[in-house]
Amino acid sequence: MSSHIQLTDQGKLKHFLTIEGLNRELLTEILDTAESFAGMSEHQVKKVPLLRGKTIVNLFFENSTRTRATFELAATRLSADVMNMNIATSSTAKGESLLDTIHNLESMHVDMFVVRHALSGAAHFIAQHVAPHISVINAGDGQHAHPTQAMLDMFTIRQHKKRFEGLKVAIVGDILHSRVARSQIVALNALGVDEVRVIAPKTLLPAHVKTMGVIPLHDMDEGLSDADVVIMLRLQKERMNSAFLPSESEFFRCFGLTEAKLKRAKSDAIVMHPGPINRGVEIASSVADGPQSVILQQVSNGVAVRMAIMTMTMRSLGGMA
Ligand code: CP
């Protein structure tokens with residue numbers, strides 16, 4: 001999947017489809033722009049007029065709590081008009097094709113589509129077919145990418161660790177089916193962390209995992225040793241087409257994050273999870289709710305990071321208020 005489609009000739013963000021192909025400077029610009037929005041949630045008036053007059057459509061063909069809600073909130077705080085399409089009650093159920101749905105919505109003078117879809121490449125496909133003034137943001141496509149999630153994760157890491165250089169990051173769990181892990185790995189390497197480790201049973205690692213710029217490990221003690229950041233992933237059963245594990249309890253015994261296993265990481269390590277969490281499957285409640293957990297901060301940061309990405313794409317397409 002080419003990433004060039006998401007940049008203007010001047011190298012600015014037009015669409016946001018994948019982290020691949022984006023350089024450190026651009027990723028840092030997203031984080032810095034998000035920083036400027038982060039304090040807004042404390043203000044009495046939580047709105048700025050940056051996207052006044054713009055119309056944003058949330059098109060979620062897959063379930064979502066965090067991504068959809070924070071995209072809607074981000075658009076509202078930027079003063080855009082937001083339309084949430086309910087796909088279950090839309091004409092998709094009557095057999096309308098994805099492109100016909102897009103072209104019909106486009107005729108209502110839309111400026112941005114935020115798309116989540118079960119098929120890898122769906123957002124990219126839409127970006128190839130919309131009018132030149134429209135921006136497409138990928139809110140998660142199949143197993144491929146979840147770039148806004150990765151950027152809010154990078155924001156959270158920078159908030160706590162102040163830097164990326166020298167960090168050891170451990171990503172644990174179902175790497176094979178995780179679009180979040182794929183986007184995080186690309187972002188972490190582009191931002192210059194020291195080490196990205198992926199810890200999982202062999203059945204839950206992609207075949208050519210070493211080519212992704214990570215150290216694959218199958219043992220939690222080894223993988224978590226001296227880690228600065230521990231990112232837990234859920235078992236993505238909706239994408240599993242065969243048996244990958246003996247049982248959930250066996251998975252938790254070997255790869256679930258408990259207080260005892262977390263002691264292997266640095267004492268100031270942060271624990272992250274993109275959500276939704278499955279307590280007692282990949283993470284113990286005492287860790288998810290414990291002092292090192294920043295899981296709910298990730299969700300809060302999602303608003304500022306999505307405001308940044310929406311603003312940057314609209315600015316590069318011109319016509320912002
Ligand atoms: N992290 C994430 O994508 O969560 P949702 O599926 O609830 O949007």
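Threonine 148 is in contact (heavy atoms within 4.5 Å) with Phe16, Phe71, Ile137, Asn138, Val305, Arg306 and Ile309, leaving aside its neighbours within four places in sequence. The residue belongs to helix 5, which covers residues 147-161; helices here are DSSP runs of H or I with at least four residues, and strands are runs of E with at least two, both numbered from the N terminus. With a relative accessible area of 0%, threonine 148 is buried. Buried stands for under 20% relative accessible area, exposed for over 50% and partly exposed for what lies in between, using a 1.4 Å probe and protein chains only.

The structure discussed here is a predicted model, in which local features need pLDDT of at least 70 and side-chain atom pairs count only at pLDDT 80 or more, while totals for chains, interfaces and linings use all residues. Residues are numbered from 1 along each chain as its sequence is written, and side-chain values use heavy atoms, with hydrogens and water left out.

Within helix 1, the buried residues are Leu26, Leu27, Ile30, Leu31, Thr33, Ala34 and Phe37. They cover an arc of only 165 degrees around the axis, which puts them on the same side of helix 1; the arc is that of the directions from the helix axis to the C-beta atoms. Glu25 and Ser36, on the other side of helix 1, are exposed. Among the elements that cover the buried residues of helix 1 are helix 5, helix 6 (179-191) and helix 11 (295-317).

Asparagine 278 is found in the loop between strand 9 (270-272) and helix 10 (285-288). At 29% relative accessibility, asparagine 278 counts as partly exposed. Not counting residues up to four places away in sequence, asparagine 278 touches Arg234 and Ile283. From phenylalanine 60, asparagine 278 is 218 residues apart in sequence and 22 Å apart in space, C-alpha to C-alpha.
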